[in-house]
Amino acid sequence: MAIELAPGREQTRARYPDESGYVERDGVRVFFEVYGTAPRTVLLLPTWSIIHSRQWKGQIPYLARHFRVVTFDGRGNGRSDRPLEPAAYDEREFAADALAVLDATATARATIVGYSLGAQRGLILATDHPERVEGAIFIGPSYAGGGKPLDERARFTWEDEHDTDEGWAKYNKHFWLRDYRGFVEFFFSRLFREPHSTKQIEDCVGWALETTPEMLVAAQYGQLLAPEEARRLAEKLHCPLLVVHGRSDEIAHYTRGEALAQHGGGEFVLVDGGGHAPHARAG
C-alpha cells in the first residue's frame, strides 16, 4: 500500500477537503478525501463506478460540521484508476479499498454509508471487519438477498444484442459501446423520478461521461454478491443498521431494502415519492 498526495483542489465546492491523497493496492490507485476533525468518522462508500464521490456533495458540508467525513472515488471513475480487468471490479476489491482508505486516514472505526451498489461492499466491510464499523446506513440498496426484481428491467439481458433500443433495452453491453451518452441519459432519467430533478440528472450524466463505456463493461463483469451470500452477510451484521429506500425507486425495488433491514435486524425507512436516490432530493 502506498500513499501519495493529490493535486490541487477543484473549484466551486461548498466545502473543500482538509486532506486528500491516494492509496494504492495491487497497482490500482484510489483517491480519497477527508473533511473535518471531529472524533467520530463517517465513511461515505462509492457506488457503481458510473459516478464518483461527488455524488455526496449535498451531504458532505452538513456532515462535516458534526463528524469527520471520509470519502473516496471508486475505482473506474473520478481521480481513481480505471483498470480494464473485470476482476478489478469484484465487490471484495471495493471493500478492500475501503479498508485501505480507513488505514491510510488513521480511522480506527467509522459509521459507513453505502448507496445502491455501495451496500454490497458495505456488507462485506462490516462483516469481515466488524471492529472497524460502528454502524451502517444503506440507501436504495442493490441487495440480492431478498425482495423482488423490477419486471421492466428483467425483460432484457445485458450481454445479448437486441433488436430494439427502447427503454431498458439500453441497459446492454452493445448499446453502451455504441451510444454511451444515450445510455447514461436514459439511466439517470430513471434514477431520479422526483419532479424538478434536472440538476441532479445533469450532474450524474456529466460524472458518467468522465469515464468510458469500456470501463463500465469491465466493471459489469466484476463479481457481485450472490443472493445466498448477500443474505448470509446481512444476517451476520452486529452493528446498528438503518436502511432507507424510495417507494418509487425504478432501479431497485423498495422490497430489496425492506429485506435487507429485516435480515440485518435493522430499521427500515420508506420514503413516499422517493426514487433511487432519496438522499439527493432531501431538504
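Which residues form one aromatic cluster? The cluster consists of Trp-48, Trp-158, Trp-168, Tyr-171, Trp-176, Phe-183, Phe-186, Phe-187, Phe-188 and Tyr-221. The model is predicted, with local features needing pLDDT of at least 70 and side-chain atom pairs counting only at pLDDT 80 or more, while totals for chains, interfaces and linings use all residues. Residues are numbered from 1 along each chain as its sequence is written, and side-chain values use heavy atoms, with hydrogens and water left out.

A search of the whole structure finds 17 aromatic pairs; rings of Phe, Tyr and Trp (its six-membered ring) pair if their centres lie within 6.5 Å, and planes under 30 degrees apart count as stacked, over 60 as edge-to-face and the rest as tilted. One of them joins Trp-176 and Phe-183, a tilted pair with 5.0 Å centre to centre and 40° between the planes. Phe-183 also forms a tilted pair with Phe-187, at 5.6 Å and 35°. Because Phe-183 and Phe-187 are 4 residues apart in helix α6, about one helical turn separates them. Helices (H or I, at least four residues) and strands (E, at least two) are DSSP runs, numbered from the N terminus. Both Phe-183 and Phe-187 are buried, that is, under 20% relative accessible area with a 1.4 Å probe, protein chains only (exposed is over 50%, partly exposed in between).

The largest nonpolar core has 44 residues, and Trp-48, Ile-50, Phe-183, Phe-187 and Phe-188 have the most contacts inside it. Such a core is a set of buried Ala, Val, Leu, Ile, Met, Phe, Trp, Tyr and Cys residues joined through side-chain atoms within 4.5 Å. Helix α6 gives the most to this core, with 7 residues.
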